[in-house]
Amino acid sequence: MKLPLLFCLALGLTGTSCERHADLKREISALDATFKQDEAATRQYEKDIAALGGKDAVPRIIEQTQIKQEQLRPLELGNPIRERKLTAIETAFARLKPAAEAFKAAQQQK
C-alpha cells in the first residue's frame with residue numbers, strides 16, 4: 001500500500017514545472033513562518049495561563065466568587081430597608097419645608 005503512495009508522490013514531484021516549485025517553496029516558507037508565529041503565541045498563552053494560576057485557578061476563582069456573593073447578599077437585602085427609611089425622611093422634609101419657609105419669611109418681616 002505504501003509503495004503506490006510513494007510512487008505517486010515521486011511522480012507528482014517530478015511532474016511539476018520549475019515555476020511551480022518556486023511558488024510552492026514560497027507558500028511553504030509563508031506557512032512555516034505562520035506556524036512559528038502561532039507556536040510562539042501558544043507558548044505565550046501557556047505562560048500567561050500559568051502565571052494566572054493555570055488550571056488550578058478555576059476552582060479558586062469559583063470559590064472566591066462564592067465568598068464575595070455571600071458577602072454581598074446581606075448588603076443587597078439591606079438596601080430596600082434603607083431606601084424606605086430614606087424615602088420616609090425625604091417625605092417628612094417635604095412636609096416640613098413649607099412650614100420652614102413660612103417661618104423664615106415671618107422672621108424676616110419682624
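Where do Arg-26 and Asp-23 lie, and how many residues apart are they? The answer comes in point 4, after a short tour of the model.

1. **What you are looking at.** This is a predicted model, in which local features need pLDDT of at least 70, side-chain atom pairs count only at pLDDT 80 or more, and totals for chains, interfaces and linings use all residues. Residues are numbered from 1 along each chain as its sequence is written, and side-chain values use heavy atoms, with hydrogens and water left out.

2. **Confidence.** The predictor's confidence in each residue is given as pLDDT, from 0 to 100. The protein has a mean pLDDT of 79, and 79% of its residues reach 70 or more. Among its elements, helix α2 (residues 18–51) has the highest mean, 85, while helix α1 (residues 2–15) has the lowest, 61. Please keep in mind that where pLDDT is low, the predicted coordinates should not be read in detail.

3. **Overall layout.** You will find three helices and zero strands, following the pattern α-α-α along the sequence. Helices (H or I, at least four residues) and strands (E, at least two) are DSSP runs, numbered from the N terminus.

4. **The Arg-26 pair.** Now back to the opening question: Arg-26 and Asp-23 both lie in helix α2, three residues apart, about one turn of the helix. They form a salt bridge, with the closest N and O atoms 2.3 Å apart. A salt bridge here is a side-chain nitrogen of Lys or Arg within 4 Å of a carboxyl oxygen of Asp or Glu. Arg-26 is exposed at 55% relative accessibility, whereas Asp-23 is partly exposed at 30%. Buried means under 20% relative accessible area, exposed over 50%, and partly exposed in between (1.4 Å probe, protein chains only).

5. **The Lys-36 pair.** The whole structure holds two salt bridges, and one of them joins Lys-36 to Asp-32, with the closest N and O atoms 3.5 Å apart. Both residues also belong to helix α2, four residues apart, about one turn of the helix. Asp-32 is partly exposed, at 35% relative accessibility.

6. **A nonpolar patch.** On the surface, Ile-89, Phe-93 and Leu-96 form a nonpolar patch with about 330 Å² of accessible area together. Patches are made of residues with over 30% relative accessible area and no salt bridge; like charges are joined within 9 Å, nonpolar side chains (Val, Leu, Ile, Met, Phe, Trp, Tyr) within 5 Å. Phe-93 sits in helix α3 (residues 57–109) and is exposed, with a relative accessible area of 56%.

7. **Burial.** Of the 110 residues in the protein, 3% are buried.

Technical notes
Accessible areas come from the Shrake-Rupley method with a 1.4 Å probe; for residues, only the protein chains shown count as cover.
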